[in-house]
Amino acid sequence: MFSKALFKQSCKANGIMWITITIAVCIMLACLMMISGGGNLGEMRTGITNTMVQDTMDKQIQSRALNYYNITDNTLEIINSYDSPNPTNVFLLTDLKKYIDEICQSNNYQEGTDEYNEVLALVYGTIIDGIDIGLDYTYLTKPIDMKDEVYMREYASSFLSSNMVSEQNVDKVLNQLSQYSIDEEDYKNLTYTNEQGQEVSRYTGESGKVYIKDLSTDSIVTYLARLEYELESLDPSDPSFTEQENAIKNALIAEVGESFLSSLPQSVGESLQELGTMDLFNLITGSIFFKVAGLLLPIIYIIMVANNLIAGQVDSGSMAYILSTSTKRKQVVYTQATYLVGSLFLMCLCTTAVSFLCFMFLDTSMITMTYGELALLNIGFFITLFAISGISFLTSCWFNRTKHSMGIGGGLNMFFLVATILGLFGSKVLPSVVRIDSLNFFNYCSIITLFDEMSILGGTTTFIWKLAILVVVGIVCYVIGAEKFKRKDLPL
Amino acid sequence: MDGVIVIQDLTKDYGKGRGIFHLNLEIKKGEMVGFVGTNGSGKTTTIRCLLGYIKPTGGKCYVLNMESWENASKIAKHIGYVPGEIGFPDLPTGTAFLKGQAEFFHIKDMSYVDEMIKKLQLDPRANLKRMSKGMKQKTALVAALMNNADILILDEPTTGLDPLMRIAFIDMIKEEHKKGKTILMSSHMFNEVEDTCDRVVLISDGHIIDVADMDKIKNRKIKDFKIEFNNKEDYEKFKKQKYKIIRDQKQYNQVTISIMDEDIDELFKDLKDYDLKFISEVKYTLEKYFREKIKEKEKQNV
């Protein structure tokens, strides 16, 4: 069945190509794994997410500060309509309650909800400084002059800042942020440098309070300055003056409050969110290397060697020297197939060894992939190459001319690879921001798609039957090729 | 069957009248047979059938009483084959190639190979791909003779060799013949097989036209002479003699006559009375023989 001399000859003829390609593939794999798992990419990703979260948070705070300022402003107007404003004045309190209900109705806040209580506290707090309604007022400076802008600004920003850092609200914010895959630690790590040059937390604790208060104050100052400027152009005698004034106020608040994320189209915002939750190591090692980039060189090896093993030797006539030594055709085809599959198997053993070695050096805390999944990826890699080599071997056995064997077998395999590359841009592994869904069509015209790395990494079992199909394709191709070679006429 | 190689009604039809049709041939042990025909007449196809590389569409061929297609690997043991188109495996040097071939044959002792290399003045260390045609032929011959097979099949082995190399090459083959090997050598050159072979098979358009016994051609009873006379009178006078004239060239006073061996004496006696410019024997060649045969065949067909 097996011809040792022929095997030796095949090794000598194709060994250099095998070594070169195996080394190239292994180096490529090692580099990719070290880069994608080395933390740099993870940090970059965290950086993007943090910037976005921070931007959104800041804008939210600024917009809220303006809201609070306006509410405070309106409340003061109500209070000042009384000659001697007194927290115990029932009429004043009724008016204030009316105003609170008005705000809550327009914003759809139900009585008893957090939002409702917040408005309540804000409005009542404007006048009843010190009344205990469960909020911390330590930052509120004493009202000296009830009409003082500074007082209103201080009050609104102090209220907001003490509110924001309260434990209850931090929990709520964290709950919201979990969709961006931001946890408590990440949240606390959103820092800025304070006046003493220390890195302190932005949104939590005492330092957070200072930050939020400053941010709020700044935004209110800016808002007031802009409002003043805008109002100058209006005529106060105009009957629609109040209407226009309100329109300008709303526009300014909306402008300030617009966050980076909400200013982008919704789909882009969503995809950035997706980018935040993406596992880059899995994408680069699993989908890009084992399914696309890593296949290229071995496929070139397969196309060249499969052709060299049979069709090339028939075409050049050197097969005559093998057959004239009473080596059976069956032996020839069996030996050559063994060489091809064996060399691919060895190549995959090398990639397995290299990938395991690199994996040991990686900081696995950032990576969700396991050794088992990595081994499965390597097995899938081998099976895919086996099926591809089957196709090339079949055409090599079928045709007597190199150009036909390479043209058809190699062409088909290259087509599969190119289709997979194009299909990658449409496949679900890519974040939707760079995905072109219509290209997913190409995944349906390539057998490489049957190597389902997403299933392997996702922990499902669909990859098993898909790989089984690849194994069957490979075996069928090798058997048909062998039978054809045994029966055909050889022009030697 | 006594023949080492027996071809029975062998047909390989490639369609459109190409291929070989109903060939019959038997080659006995120790015989050296030439296989002559123009390019594309079916020589190589026949050889491929013999070696079991292609499956005939009709008829059978046997080597040592084994059917070729079924027993290709068994008969390969007994055949040394030099292919017409020499394509070596992808190996660096001639030495590597010969060593590889020896491994296929399970030959451990390379002394016979070295001896042949010496005899052929071959330097096998040269790069296989950069070898000249002659070196490649020599290397191929060494590879074919390596396992000392009883049968040698050579497909146009001398094509592309220079005349001196060709002589050396043919000598080598002749030597193998002397050792008692059965040899089948194809060629498209008549003079090459003429000198070496015992029998010559002529093939044309896939049909065997004739099998010529070289002995009979070389020792033919009838000889042709070309005679030129110095003057017209003698020429005219000679023409009136009883000799069979096969060619007459008036302008040179020249005739070519055909005569039996036993009559030659008489011819020379007669010629004493004539004033001759020259007399020379026109050699009867294989080529001439085959031309006649093909002409005959064409006449039959018409």
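Mentor: Just after helix H3 of chain A, A:Asn108 takes a positive phi of about 65°. Bear in mind throughout that this is a predicted model.

Take the helix itself next. H3(A) covers residues 90–107, which is 18 residues. From its first C-alpha to its last, H3(A) reaches 26 Å, close to the 26 Å expected at 1.5 Å a residue.

Now consider which way its residues face. A:Leu96, A:Ile100 and A:Ile103 are buried in H3(A). Seen down the helix axis, the buried residues of H3(A) fall within an arc of 60°, so they line one face of the helix. The general rule behind this is that an α-helix has 3.6 residues a turn, so residues three or four places apart point the same way. On the face of H3(A) turned away from the buried side, the exposed residues are A:Val90, A:Phe91, A:Thr94, A:Lys98, A:Glu102, A:Gln105 and A:Ser106.

As for the chain around this helix, chain A has 19 helices and 2 strands. Of its 492 residues, 36% count as buried. Among the contacts in chain A with a separation of 6 or more, 74% are between residues 24 or more positions apart.

Chain A also touches chain B: 22 residues of chain A are in contact with 25 residues of chain B. On the chain B side, helix H2 (72–76), strand E6 (79–82) and helix H3 (94–104) each supply at least two residues. That side of chain B divides into 14 nonpolar, 4 polar and 7 charged residues.

Strand E6(B) leads on to its partner. E6(B) and E7(B) pair in the parallel sense over 4 bridges, and B:Gly80 has B:Leu152 in E7(B) as its bridge partner. In strand E7 of chain B (residues 151–155), 5 of the 5 residues are buried, so the strand is largely enclosed by the rest of the structure. Both faces of E7(B) are covered, with B:Ile151, B:Ile153 and B:Asp155 buried on one side and B:Leu152 and B:Leu154 buried on the other. In a regular strand the side chains alternate between the two faces of the sheet.

E7(B) is also joined by 5 bridges to strand E8 of chain B (residues 182–187), and these two run parallel. There, B:Leu154 stands opposite B:Met185 of E8(B). Between E7(B) and E8(B) the chain passes through helix H6 of chain B (residues 163–178), in a right-handed β-α-β crossover.

Technical notes: Residues numbered from 1 in each chain as written. Chains lettered and ligands numbered in written order. Predicted model: local features only at pLDDT ≥ 70, side-chain atom pairs only at ≥ 80, totals over all residues. Contact = placed C-beta atoms within 7 Å. Nonpolar A, V, L, I, M, F, W, Y, C, P; charged D, E, K, R; others polar. Buried ≥ 20, exposed ≤ 12 C-beta atoms within 10 Å, placed from the backbone. Pairing = 2+ DSSP bridges. Right-handed = clockwise from strand over helix to strand, strands pointing away. Expected span 1.5 Å × (residues − 1). Arc of directions from axis to C-beta.
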